[in-house]
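My entries follow in the order of looking.

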Amino acid sequence: MDGSSPHSVVVKTTCPYCGTGCGVDVRVSGTTVEVSGDPVHPTNAGRLCVKGSALGDTVGPQGRLLYPAIRRQDGDQSMERVSWDAALDHVAQGFRRIIEAHGPDAVAWYVSGQLLTEDYYVANKLAKGFVGTANIDTNSRLCMSSAVAGHKRAFGEDIVPVAYDDLELADLVVLVGSNTAWCHPILFQRIVKEKERRPEMKLVVIDPRRTATTEMADLHLPLRPGTDVWLFNGLLSFLHQHGVVDTAFVEDHTTGLARAMAIADNTAGDLRSVAAQCKLQESALSEFYRLFARTDKVITAFSMGVNQSSAGTDKVNAIINCHLLSGRIGKPGAGPFSITGQPNAMGGREVGGLSNMLAAHMDIENAQHRSLVREFWQSPTMADKPGLKAVDLFDAIDEGRVKAVWIMATNPVVSMPDADKIKRALSRCELVVVSDVMAQTDTTAFAHVVLPAQGWGEKSGTVTNSERCISRLRSFLPPIGEARPDWWALSEVARRWGHAEHFAYTAEHEVFDEHCRLTAAGNRESGVGDRDSGGEGIPRFLNLSGLVGMDKDAYDGLRPVRWPVLAIPDSRLPIPEVFSDGRFYTPDRRARFVPTAPHMPVKLVDEDYPLVLNTGRVRDHWHTMTRTGLSPRLASHVAEPFVDLHPQDALLCGVREDQLARISSRWGSCVARVRLSGEMQRKSVFVPIHWNAQFASDGRVGSLVNPVVDPVSGEPEFKHTPVRVEPFMVAWHGFALSRDDLPMADAAWWTRITGSGFTRYELAGRKQDGEWTARARAMLGVTDPDADWLEYEDRSAGVYRGALIVDDRIAACVFVSPRPDLPSRAWLSGLFTKDRIEDVDRMGLLVGEPFERGEDTGVTVCSCFGVGRKTIERAIRGGCHTPKALGAKLKCGTNCGSCVPELKSIIAQTLVPG
Ligand SMILES: Nc1nc2c(c(=O)[nH]1)N[C@H]1C(S)=C(S)[C@@H](COP(=O)(O)OP(=O)(O)OC[C@H]3O[C@@H](n4cnc5c(=O)[nH]c(N)nc54)[C@H](O)[C@@H]3O)O[C@H]1N2
Ligand SMILES: Nc1nc2c(c(=O)[nH]1)N[C@H]1C(S)=C(S)[C@@H](COP(=O)(O)OP(=O)(O)OC[C@H]3O[C@@H](n4cnc5c(=O)[nH]c(N)nc54)[C@H](O)[C@@H]3O)O[C@H]1N2
Ligand code: SF4
Ligand SMILES: [Mo]
C-alpha cells in the first residue's frame with residue numbers, strides 16, 4: 001500500500017481474471033472503487049483490459065452469499081442460516097462419519113484455479129496429508145492438465161520455460177488453439193505493440209475458427225479441428241528433412257528422438273498428406289513450415305485448442321518436440337509456452353492441486369517424495385496413490401463411491417462436460433458442501449451446506465501467472481456479510497478433526513511461508529550454476545527458498561517476483577533462463593522426445609450428429625458469469641448465447657440468422673441465437689461457454705459436451721463434440737427492459753443480462769393469441785389500471801410495443817414481433833439513464849425507433865468507452881478508415897485494444913461497396 005494522502009490511498013493488487021496476471025491499482029473512496037492498471041507491474045505496465053477495468057462494477061453486495069447455511073432436512077428443504085460454528089461442525093461431522101464408515105477415499109474436494117495459493121495449499125495438505133485421500137482435483141483438470149502432463153513427459157517437471165519478455169524478443173510467435181486477443185488481451189497487446197514496432201516480426205495463428213486473434217495474424221491456418229498432432233509431426237519431419245536440427249543439443253541433452261522421428265515420418269512425412277489431413281492449403285502449410293524453419297527466435301504459445309482434447313497431451317508434446325529438435329528452448333525469445341487460463345492456475349500446480357500430484361512439484365507416486373512431504377507436514381496418514389481426476393470423480397459421486405464432496409470456487413454444474421450428469425451426481429450425493437462468493441449458482445442449488453467466501457477486494461494472498469510471476473492480492477474492502485477466507489474454513493475443519501497444531505494459521509503469510517519452506521525442503525538446487533543435487537535430495541526447479549521467513553509486513557510489501565526465487569548468498573545474481581544450461585528434471589537430466597501417434601478425436605460424427613461443436617469464450621464474459629454478469633459495461637458486447645455456423649450448414653440445418661436454434665448431442669442440448677459470422681469452417685459450430693440457469697432458460701452448453709478425456713492428462717474434449725442443429729420454433733420474439741426483476745413464465749425461451757439501472761430480457765414464445773395488452777402488463781407486473789402505460793399494437797402484423805412510465809421516468813418496456821427484427825436495445829437502454837422521458841421519447845417508444853438521428857449507437861463494440869457499432873459505422877462512412885482514425889475520433893480501441901480486431905473487420909465490412 002502506498003498513500004500519498006489519506007484521501008487517495010492506492011492499494012496494489014492483482015486482477016482476479018485471466019492468467020495474464022495484471023497488476024491493479026485500487027483507490028477506494030466511500031462506496032466507489034476506482035481501478036487502473038499498476039504502472040510498475042512487470043506484466044501490464046499500467047494497462048488493463050475491459051474485464052479488468054470493470055472490476056469496480058463487481059465488488060458490491062449484489063447477489064453475494066452472506067452467511068453460512070444448511071439445507072433443512074424436512075419441509076421445503078430450503079437453506080437455513082446458521083452460524084459459522086454450526087456449519088463447520090456439520091461439515092466436520094458429516095465428512096468424519098463417512099470417512100469412518102467407508103474410508104478416506106469416500107470423500108473428495110473439487111477445487112479451483114481461482115483459489116489463492118494459500119487456500120489451495122491448505123486444501124491439498126488437509127486432503128492428502130491429514131485425511132489420507134488424494135481425491136482432491138480441480139477445475140484446472142479441465143483447463144491445462146494436458147500442458148502439465150506434456151511438460152512432465154518432456155522435461156521431468158511441470159516447468160513453463162518462457163516468460164512474457166520472450167514474446168517481445170521473438171521473431172515468430174505461433175499461437176495454437178488460442179484466442180489470445182479476447183482471452184489474454186494484455187498479453188496479446190504486448191505482442192501486437194511489438195509487431196507494430198518491428199514489422200518483420202511474424203504472427204501465425206492455428207485455429208479452426210477465424211477469431212479476433214486471427215484478424216491480426218500474418219498467417220492463419222484454419223486447420224480441421226483436432227488435427228494439430230499431424231500438423232506438428234509434419235513440422236518435426238520437415239525440420240529434420242531440411243537439416244534444422246541442433247545436433248549438439250539433441251545429442252547432449254535429449255533422448256528419444258529416433259522413435260519420435262519415426263512416428264512423425266510415418267504419419268506426417270510429406271506436406272501433401274499433412275495438408276490433406278488438416279484440410280489446409282499446401283502452400284499455406286509450407287509457408288508456415290518454412291517460416292518456422294528459418295526463424296531461430298520462435299515461441300509456440302498454446303492454450304485450450306491444444307489442451308482440451310482427447311489428444312491434448314500429445315498435441316503439447318508434438319509442439320515441444322519441434323522446439324527440442326531445433327534447440328529452440330532455454331534461449332531468449334524461444335520456447336514452447338503454455339498460456340494458463342485462470343488467475344492462479346500456476347499457483348495450484350505449485351502446491352500440487354491436481355489429484356495426481358503432491359505438493360511443491362513432487363509426485364504422489366514417488367515414495368521418496370512422499371516421505372519428504374510426510375515428514376515436513378508431520379502427516380499422520382498420507383495418501384499414497386493418485387486420486388480421482390475430475391470426470392472420474394463425478395462419476396464416482398454418481399455411483400455412490402464418493403459420498404461427500406466439498407466444492408470450492410468452481411461451478412461444475414455448468415463447466416463440466418456432460419453437465420446434466422453432474423446434476424444427477426450431486427443430487428445423489430450424501431453431503432455436498434459449496435464454498436462460493438455468490439448465493440445463487442447452478443451448483444449452490446445442489447448444496448447441503450454453503451459457506452460464504454471472501455471475494456476479490458476482500459481476500460488476501462498470492463497468485464502465480466502464466467510466466468511464473470507471483471503477485472499479491474491485497475484486501476481493500478471489509479468482508480461482505482460473514483464471508484471468510486477459504487483457507488480459514490478448511491483449517492477450522494482440520495481443527496475439529498484434532499489437527500489444530502498443524503493448521504494453526506492465523507494469517508495468509510503463515511501459510512505462504514510454509515509453502516515456500518516446502519519448495520525448499522530437500523531441494524538442493526540452491527544456486528546459479530549449481531543445479532546438481534549432488535546425489536541427494538529431490539532437485540526441483542520450483543524453489544522459493546528466497547521468500548522463506550517473511551513476516552506479515554514483508555509479505556504485505558511483496559513485489560511481483562518470478563520463480564525460482566533462490567536463497568543464494570548473492571541474490572543479485574541473475575536468475576538463469578530456464579533450461580539455458582540444457583539440464584532438465586528427468587532422472588538423467590535430459591529432455592525427452594515423446595512419440596506422438598496422431599488420432600482423430602471425433603469418431604462419432606454421423607448422420608444423426610453431423611457437426612462438430614467447438615466451445616469457448618467471448619471477450620467480455622468470464623466463465624459462468626457470476627461476476628462479469630454484474631457489470632452493465634461487460635454485458636452488452638455479447639448479450640445472448642449464440643451458435644455460430646457456416647452459412648451452408650445453416651441452410652442444411654434449416655436455421656436462419658437471428659432465429660433460435662436447438663443444438664443437441666448424445667449427452668444433452670441447449671438453445672441459442674443463430675449467428676453466421678463468416679468465421680466458421682464447414683461442419684463446425686461454435687457456442688460460448690458462459691450461459692447457465694441464472695442467465696438463460698436453456699443456455700448450458702456443458703450439458704452437450706462429450707465427457708471423453710485425454711488418456712494421459714484426464715482433460716476433457718471440450719472442443720469437439722458431435723452435434724446437430726435444428727430450428728427452435730417460436731411464434732414470437734421479444735425483449736423487455738425493466739428496473740425490477742421480471743418473472744419469465746410467459747416465455748418458452750429467455751436470457752437475462754444486467755444493464756445500467758435495468759435488467760434486459762431477451763424472450764421468445766410459442767403462444768401467439770393476440771391478447772398482448774394483458775400479457776404485457778402481466779409480464780411487467782403492471783396492476784394499476786391508471787398507470788402511465790404507452791402501447792402500440794398491430795394485430796395483423798403480430799407487432800406489440802408497451803412501456804410503463806412512472807414519475808416521468810421509464811420503468812419498463814416490452815417489444816414483440818413474429819420475427820427477431822426488434823428495435824435497438826442500445827437506444828432504449830439510453831432512456832433508462834434519463835431523469836425525464838420527453839415527448840419525442842414517448843413517440844419513439846410507440847414507433848419503435850429513435851426520433852432523432854444518431855441516438856441509436858448500436859451494439860457495444862468498445863466496452864471501455866461504450867462505443868457502439870452504428871456510431872463506428874457512421875464514422876467510417878465519414879472518412880475514418882483505420883482503427884487509429886476511429887480511435888482518434890471516438891476513442892474506441894484506445895484503452896485496452898481488445899476491440900481493434902473487430903474495428904478492423906467492421907471497417908472492411910462497411911467499406912465493401914453495396
Ligand atoms: N474473456 C475471457 N477471457 C478468459 C476466460 C473467460 O472466461 N473469458 N477464461 C480464462 C481461462 S480459464 C482460460 S482456460 C483461457 C482460455 O483461452 P483460449 O484457449 O484462448 O480460449 P478458448 O475460447 O477456450 O479456445 C481457444 C481456441 O481454440 C480453438 N480450437 C478449437 N479446437 C481446436 C483444435 O482442434 N485445434 C486448434 N489449434 N484450435 C482449436 C477455438 O476455436 C478457440 O478459438 O481464457 C482465460 N481468459
Ligand atoms: N464447454 C466448455 N466447458 C468448459 C471449458 C470450455 O472451454 N468449454 N473450459 C473449462 C475451463 S478451461 C475452466 S477454467 C472452467 C471454468 O469453470 P468454473 O470454474 O466452473 O467457472 P467460474 O464461473 O469461474 O466458477 C468459479 C466459481 O467460484 C466463485 N468464486 C470466485 N472467487 C472465489 C473465491 O475466492 N472463493 C470461493 N470459494 N469461490 C469463489 C464464483 O462465484 C463462481 O461461482 O470451465 C471449463 N469448462
Ligand atoms: S488481461 Fe485483462 S482479465 Fe487478464 S489479468 Fe489483465 S486485466 Fe485481468
Ligand atoms: Mo481455464
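I began with ligand 2: a polar side-chain atom of Lys459 lies 2.4 Å from one of the ligand's oxygen atoms. I count a polar contact as a pair of N or O atoms within 3.5 Å; within protein, one must be able to donate a hydrogen and the other to accept it, and residues adjacent in sequence count only if both atoms are side-chain atoms.

Before going on I noted that this is a predicted model, where local features need pLDDT of at least 70, side-chain atom pairs count only at pLDDT 80 or more, and totals for chains, interfaces and linings use all residues. Residues are numbered from 1 along each chain as its sequence is written, chains are lettered from A and ligands numbered from 1 in the order in which they are written, and side-chain values use heavy atoms, with hydrogens and water left out.

Asp436 places a polar side-chain atom 2.6 Å from an oxygen of ligand 2, and for His623 I read 2.9 Å. How much of ligand 2 does the protein bury? The ligand alone exposes 920 Å², and 98% of that is buried by the protein (Shrake-Rupley method, 1.4 Å probe; for residues, only the protein chains shown count as cover).

I found 29 residues around ligand 2, with Gln114, Ser415, Asp436, Lys459 and Thr624 coming nearest (near: a heavy atom within 4 Å). By class the shell has 10 nonpolar, 14 polar and 5 charged residues. Here Ala, Val, Leu, Ile, Met, Phe, Trp, Tyr, Cys and Pro count as nonpolar, Asp, Glu, Lys and Arg as charged, and the others, Gly among them, as polar.

I turned to ligand 3, whose shell has 8 nonpolar, 3 polar and 1 charged residues. Among them are Cys15, Cys18, Cys22, Cys49 and Lys51. Helix H1 (50-53) and helix H7 (185-197) each supply at least two residues of this shell (helices are DSSP runs of H or I, at least four residues, and strands of E, at least two, numbered from the N terminus).

Last, I traced an open sheet of 5 parallel strands, ordered E11-E10-E9-E13-E14 (pairing takes at least two DSSP bridges). Its edge strands are E11 (219-221) and E14 (335-338). E9 (172-176) and E10 (202-206) pair over 5 bridges, and Val173 stands opposite Leu203 in E10.

Helix H8 (228-241) touches E9, E10, E11 and E13, at about 140 degrees to E10 (contact: heavy atoms within 4.5 Å; axes are lines fitted to C-alpha atoms, for helices over the stretch in contact, with angles from 0 to 180 degrees between N-to-C directions).
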